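My notes follow in the order I looked things up.

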Amino acid sequence: MRVFYILLFTLIALGAFSQPPVRKLVAVKTNTPPKIDGVLDDEVWKNVPVATDFVELQPTAGRHEKPQERTEVKIIYDNTAIYIAARMYETSVNKVARELTTRDNIAADDFIGILLDTYHDGINGSGFFVTAAGAQFDAKYAPNPNGNTEDATWNAVWESRVRVDNQGWTAEFKIPYSALRFAKKEVQIWGMNLIRERRGENKQLFWNELDPKKNGLMNQEGELDGIEKVTPPVRLALYPYFSTYVNHYPYNTPGLRNTTTSFNGGMDVKYGINESFTLDMTLIPDFGQVQSDNKILNLTPFEVKYQENRPFFTEGTELFNKGNLFYSRRVGGQPINYAAASGNLHPGESLIKNPTEAKLYNATKLSGRMANGLGIGLFNAVSAPTYATIQDSAGHKRYFETSPVTNYNILVLDQNLKYNSAITLINTNVERFGKDYSADVGGFVFNLNNKKNSYNLSGYGMISNLFYTNRKTTTGFSYEINGGKTLGNFTWNVVEDLVDNKYNPNDLGILFNNNYFDHNVNLQYANYKPKKYFTQWGVFSNVYYSRRYNPSAYQYFNQTIGGYANLKNYWGVNFRVQHTGEANDFYEPRVAGRVFRVAGSYMMGLNAFTDRAKTLFGGISIFHREYAIAGRQGTDAEAFYNLRISNHFAFGQDVTYSPYIHFTGYSTTDSVSNNPIFALRNVHTVQNIFSLKYTFTSDMGLTLRLRHYWSKLNVLQYHDLAQNGSLVNLTSSHFNRDNDQNYNAWNIDMVYVWQFSPGSEVSIAWKNSSLTNTDQAKLGYFRNLQNTLNEPQNNNISFKILYYIDYQNLRKKTKKSD
């Protein structure tokens with residue numbers, strides 16, 4: 001292993017390979033801005049250089065566009081913005097795919113977009129796209145060892161218009177400098193690429209050719225020249241909001257109101273401190289309209305990781321996500337002593353209120369990148385104290401603190417290096433003002449490439465500290481080293497991961513378990529040359545070996561092989577086969593020092609999907625695992641479809657069914673012997689998600705998402721866990737407990753959104769939900785669905801208005817009034 005790393009460092013240090021030539025486009029300065037209407041007849045567009053002759057990435061990499069289907073793009077600029085005019089030719093107007101969607105959603109649409117790398121570092125970028133139906137989409141791009149990460153939650157305020165005619169379609173953009181960050185200098189040289197999607201033909205094309213055998217996106221950009229003597233403006237935007245909520249739940253209990261109302265107000269602020277750095281702040285935030293969590297029956301020893309749906313914590317967080325130390329759901333999440341409240345009851349008392357989330361006072365982000373490539377990120381958030389309400393039989397109430405005032409902090413220093421490389425220092429800190437402990441995690445992240453970007457070495461090293469008031473600080477460490485070949489048809493990488501038994505980043509991050517020392521080897525081969533039936537295909541193999549770190553012990557070993565193929569009819573298929581040897585599970589017993597021996601298994605999987613450009617598309621996947629123990633098996637099956645009725649209206653459904661037969665797992669702990677009790681059980685799970693959208697215009701739409709999740713667990717037999725990890729017949733005569741479970745989670749999220757002006761919107765949301773978890777696991781899915789609909793439902797209706805105030809526009813209006 002050490003020899004491999006030495007050789008890889010040598011390749012990086014000595015890799016003096018020539019870069020392929022890049023295309024260049026010259027932007028022309030104008031004193032008269034064009035009218036943004038999608039009609040390219042303004043005088044300013046004449047005699048402007050044209051970017052054309054785009055090159056396919058999909059389905060046939062390297063193929064140039066046909067003259068009759070060509071793309072032509074022009075760019076001009078003034079002292080306030082850059083302007084883009086694009087003409088996308090088609091042989092028939094019927095070939096222009098233009099399904100209506102609201103902002104930041106692309107469906108069955110043609111689109112044109114521009115990627116701008118304003119620091120010309122080949123690493124970070126901003127993307128601005130518009131569909132043939134007029135919907136805007138924007139995103140940030142940041143590097144990772146596997147290429148570039150797209151942050152689609154980033155939103156800027158810019159203008160665009162489109163027109164469809166008998167030659168195809170056209171688009172005009174106005175991207176104000178306030179939407180960009182760039183260095184203050186006389187002459188600007190920006191990295192740039194242009195991308196066109198022809199959805200009806202399933203073609204994706206770039207102006208500067210992208211090589212699929214090469215890792216990365218922004219490092220394969222072209223160049224935008226000619227922008228001179230522009231000054232980064234004062235970037236100040238205010239987003240005040242007002243919201244109101246009505247909530248109804250049929251408690252039908254004296255002292256508890258069935259219907260409650262609330263009114264909220266606050267503001268988001270975006271301030272450009274200078275040309276490079278932006279301060280984002282949310283004051284008294286309101287996240288009540290975000291999509292409901294996908295609640296599940298969790299039978300594992302690990303917590304469930306939920307998706308972050310709050311815009312402030314998803315937008316522009318690429319710096320804070322370095323090193324995987326930031327799980328934003330910790331901020332304003334479940335109070336640290338939430339579970340302790342129920343254990344703090346005195347005789348005759350009951351817990352009548354226990355908030356599941358801490359309320360935020362504010363949250364702030366400061367981020368940007370200097371001209372020398374140094375990125376700096378600062379994050380801070382403060383949550384209010386949280387209290388559970390306890391009431392005795394006489395009606396007297398007292399309050400139990402479940403979370404003190406808590407301060408969350410992140411500091412990131414990210415230095416870009418040559419050849420799309422970077423090194424990062426990061427520190428996260430959680431300070432709790434009270435008797436509870438505080439936490440700190442820090443370390444470094446590196447991502448190094450040789451000049452040709454053909455080899456990569458990446459990884460990190462971290463140290464965690466938990467600070468207690470009444471005992472010694474707990475310190476742990478972890479590291480990862482990942483090296484391999486990233487260029488060509490054949491690629492590979494080798495990974496080593498070590499996490500000691502005291503490393504804990506979970507106060508602001510998420511780590512399901514520590515105390516492991518893992519190695520894995522990955523081999524991939526991809527062929528991008530079209531064949532008789534395929535446009536591209538590939539195969540891969542993986543070997544993974546895991547040990548417990550302290551004390552050292554074998555955990556598991558598995559081998560995987562698989563492949564994929566994209567067919568010429570634009571269908572796709574892939575398969576996977578895996579063998580896992582007998583394993584030692586040190587986490588399932590839920591008792592330190594104990595182990596559960598897991599039988600070896602084989603898994604086979606297959607999934608396929610149809611052409612996404614069609615009116616009806618869908619797919620299926622089936623993964624089946626057989627164990628060495630007769631009768632033990634598990635299956636995960638999924639089927640989905642989407643039906644586009646018109647360019648305005650579409651709906652779809654995604655159904656998964658997972659039967660796990662004769663599975664053995666932790667059930668409970670014997671209260672007398674404190675020994676883990678395992679159960680042989682059957683578990684059947686169904687998740688049914690139905691979604692619908694009706695889009696009135698590109699600025700106004702209605703979405704509906706309905707989810708029903710059902711999981712039924714039936715215990716067949718109980719076992720004691722022996723000291724050697726095997727299961728023996730239960731000998732505890734006093735243990736007689738029914739642990740069947742029947743779990744139903746139901747959610748409806750319906751949202752109407754109207755963007756009545758750039759950056760400003762009105763939204764109306766209805767949420768309907770219920771959750772039940774009983775031991776009556778006798779009925780099937782449809783009876784459970786019926787019973788769930790008959791359960792008491794929580795209904796929440798909200799109205800929110802968000803208004804965008806731009807300092808530059810406000811100043812212009814003030815000058816005119818003077």
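**Salt bridges**

E99 comes out at 3% relative accessibility, so I logged this residue as buried. I am working from a predicted model. I then looked for the partner of E99. The side chain of E99 meets that of K693 in a salt bridge, at 3.0 Å from N to O. The two come from distant parts of the chain, 594 residues apart. E99 sits in the loop between β5 and β6, while K693 belongs to strand β39 (residues 676-697). K693 has a relative accessible area of 18%; the cut-off for buried is under 20%, so K693 is buried too.

I asked how many salt bridges there are by this rule. The count is 28.

Next I took K270 and D280. Their side chains form a salt bridge at 3.3 Å, N to O. K270 is in strand β16 (residues 259-272) and D280 in strand β17 (residues 277-283), so this pair ties together parts 10 residues apart in sequence. Are the two partners buried or exposed? K270 is partly exposed, with a relative accessible area of 23%. D280 is buried, at 9% relative accessibility.

I also noted E197 and R199, whose side chains meet at 3.4 Å, N to O, in a salt bridge. Both E197 and R199 are buried. Then I found a network: salt bridges link E69, E90, K95, R196 and R198.

**Nonpolar cores**

I turned to the largest nonpolar core, which has 38 residues. Which of its residues touch the most other members? They are I114, F128 and F173. I listed the strands that each supply at least two residues of this core: β4 (71-77), β5 (81-89), β6 (111-117), β7 (125-131), β11 (168-176), β12 (187-198) and β14 (222-228).

**A nonpolar surface patch**

F242, V246, F263, I764, I797, F799 and I801 make a nonpolar patch of about 610 Å². Two elements give two or more residues to the patch: β15 (236-248) and β44 (794-802). β44 gives the most, with 3 residues. I checked I797, which lies in β44. I797 is partly exposed, at 48% relative accessibility.

I picked S770 in strand β43 (residues 760-774). S770 is buried, with a relative accessible area of 10%. Beyond four places in sequence, S770 contacts N744, A745, W746, T788, P792 and Q793.

H719 was my other pick, in strand β40 (residues 700-721). H719 is buried, at 12% relative accessibility. With neighbours within four places left out, H719 contacts P676, I677, F678, L680, L727, V728, N729 and L730. I also took the separation of H719 from N501, 218 residues apart along the chain: their C-alpha atoms are 28 Å apart.

**Backbone notes**

I searched for cis peptide bonds. The bond from Q58 to P59 is cis, with omega near 0°. P59 is in the loop between β3 (55-58) and β4. N550 and P551 are also joined by a cis bond, with omega about -5°. P551 lies in the loop between β30 (534-548) and β31 (553-567).

I then looked for positive phi outside glycine. N47 has a phi of about 60°. N47 lies in the loop between β2 (28-29) and β3. N47 is exposed, with a relative accessible area of 79%. N674 has a positive phi near 60°. N674 is in the loop between β38 (649-669) and β39. N674 counts as exposed at 53% relative accessibility.

**Confidence**

Last, I checked pLDDT. The chain averages 91, and 95% of the residues score at least 70. Over residues 1-19 pLDDT stays under 50. For that stretch the model has 33 contacts beyond four places in sequence.

Technical notes. Residues are numbered from 1 along each chain as its sequence is written. This is a predicted model: local features need pLDDT of at least 70, side-chain atom pairs count only at pLDDT 80 or more; totals for chains, interfaces and linings use all residues. Side-chain values use heavy atoms; hydrogens and water are left out. A nonpolar core is a set of buried Ala, Val, Leu, Ile, Met, Phe, Trp, Tyr and Cys residues joined through side-chain atoms within 4.5 Å. Buried means under 20% relative accessible area, exposed over 50%, partly exposed in between (1.4 Å probe, protein chains only). Helices (H or I, at least four residues) and strands (E, at least two) are DSSP runs, numbered from the N terminus. Patches are made of residues with over 30% relative accessible area and no salt bridge: like charges are joined within 9 Å, nonpolar side chains (Val, Leu, Ile, Met, Phe, Trp, Tyr) within 5 Å. Accessible areas come from the Shrake-Rupley method with a 1.4 Å probe; for residues, only the protein chains shown count as cover. A salt bridge is a side-chain nitrogen of Lys or Arg within 4 Å of a carboxyl oxygen of Asp or Glu. Contact means heavy atoms within 4.5 Å. pLDDT is the predictor's confidence in each residue, from 0 to 100.
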